[in-house]
Amino acid sequence: MIIAWLAHIMIGIGIVFFIAGTVGLLRFPDIYSRLHALTKADNIGLGFVVIGLAMLSGSLAITVKLFVIWILIIIASATSCYLIARSALRMKIQPKESR
Amino acid sequence: MTTATAFDYLLAVVLIFLTWMMLRSRDLFTSIVLFILLGMLISLAWVELQAPDVALVEAVIGSALTGVLFLGSLGYIESGSGRQRASDRSSFLSRQPRELIFTFLVSMFGGILCWTIFQLDQTFTGLSAHVAGEMSHSGVKNSVTAVILNFRGYDTLLEIGVLLLVVFAIFALHATQPISLNRALPKKSRVLAVFLYLLTPVMVLMAFYLLWAGGHAPGGAFQAGAMLAGVIILMLVGGTTVDLSARNALMRIIYIAGFAGFLLVGILVVQNQRNFLQYPVESAKHLILAIEGLATISIAATLVTLFAGCAGFLIPDHPEDCEIGGTST
């Protein structure tokens, strides 16, 4: 019972991070800070959701699979973030100066 | 799926809204991005309809691969030679009659579809019961695989034949002679290289798992082939040189393996009592696995060639009269 509560709290925290990342994507001024918002916040958010789901699953096999998914997504999103930023730099897109 | 949840209604509304956004967008690039997004949500809808097999194919082929092909075509249209050809062709019909003809055709087609829905037999409960009854003869435990590779094997054979025709079309479109070798990106990325070093084995393993899983769970040749194609496409983008040329004897075998293998199995099982593609029950499992294994390789090769042709990775023999647009350099 307590575990279920904890799990829901974890998933809730994860969702907050996802929302923060999405707000960042919509509100931030340039591609570099948007990438920052998306990849960082969503990876943490996904981590909390994975922890919550693992607690709810009650099975070691599913827990391991969930964490493997998380690690794969962290690697993939870090790589694609880097590649997008690199190609943006190549296209000479300037970071927007802060006011 | 017994009752529709609030989430399903939301999904349905978002799907219609996204479709409308996609169609009314004036910018082709925005349309394509919305198309990819739409494909992802459609695959979510398939998950909600408890059809994970279709969801996988929709996500990988319907959304990702088609999206890449669209992006490649857009790059071609916006490149000089593509625009030139487009303006040559637009003299065929002026804008207004062309739009009228399209409107007429689309509304006729839509009308036929609506009419068909009202003609459907209301009491028909589907073929699930028949499939469930025949599962013990199919050689596999997953009903989708049983239907695709056994009960309607003829359709699947023709589908794999269509994929073979696609390869011919790519070679016909992109060069007069066999084409080969990718154009490596100007500067190779070391991060991508490490990423590939880490993940290629995992993705190849996953592809084989999907192939094997097809026997008892969602998966099979199309999903495994798409996964394998994804790995090879990443390697191409990362600067690995892959000889896709039809001059390469091995590639020729790979392109036709799926169709030829399927056809051969279909013919070999013919005996006095059995028809074309009617596998003997005791060896059905192994025959299906063999067909799927060969088909996986052919599908992967076809998808990679399709991507390479569209994204400008294929070098024509005469670049001056066959310029291809695509990836920005």
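Residues are numbered from 1 along each chain as its sequence is written, while chains are lettered from A in the order in which they are written. Because the model is predicted, local features need pLDDT of at least 70, side-chain atom pairs count only at pLDDT 80 or more, and totals for chains, interfaces and linings use all residues.

**Exercise 1. Find which residues of α1(A) are buried, and what they pack against.**

A residue is buried if 20 or more other C-beta atoms, placed from the backbone, lie within 10 Å of its own, exposed if 12 or fewer, and partly exposed in between. By that count A:M10, A:G14 and A:G21 are buried. Next, look for their partner: the buried residues of α1(A) pack against α2 (31-57) of chain A.

**Exercise 2. Locate A:K92 and B:Q50, and decide whether each is buried or exposed.**

Take A:K92 to begin with. A:K92 lies in the segment after α3 (60-90) of chain A, and its phi is near 60 degrees, a positive value in a residue other than glycine. With 6 other C-beta atoms within 10 Å, A:K92 is exposed.

Now turn to chain B. B:Q50 sits in the loop between α2 (28-48) and α3 (52-78) of chain B, and its phi, too, is near 60 degrees. B:Q50 has 9 C-beta neighbours inside 10 Å, so it counts as exposed.

**Exercise 3. Describe how α9 (residues 190-213) and α10 (residues 221-237) of chain B pack.**

Two packed helices are described by the angle between their axes and the distance between the axes. Here the axes come within 7 Å and cross at roughly 165 degrees; they are lines fitted to C-alpha atoms over the stretch in contact, with angles running from 0 to 180 degrees between N-to-C directions. α9(B) is therefore roughly antiparallel to α10(B), a label for angles over 145 degrees.

Finally, list the contact, meaning C-beta atoms, placed from the backbone, within 7 Å. Among its residues are B:L196, B:M203 and B:F208 of α9(B) and B:M227, B:V231 and B:L234 of α10(B).

Methods
Helix = DSSP H or I, 4+ residues; strand = E, 2+ residues; numbered from the N terminus. Contact = placed C-beta atoms within 7 Å. Parallel < 35°, antiparallel > 145°, perpendicular 65-115°, else oblique.
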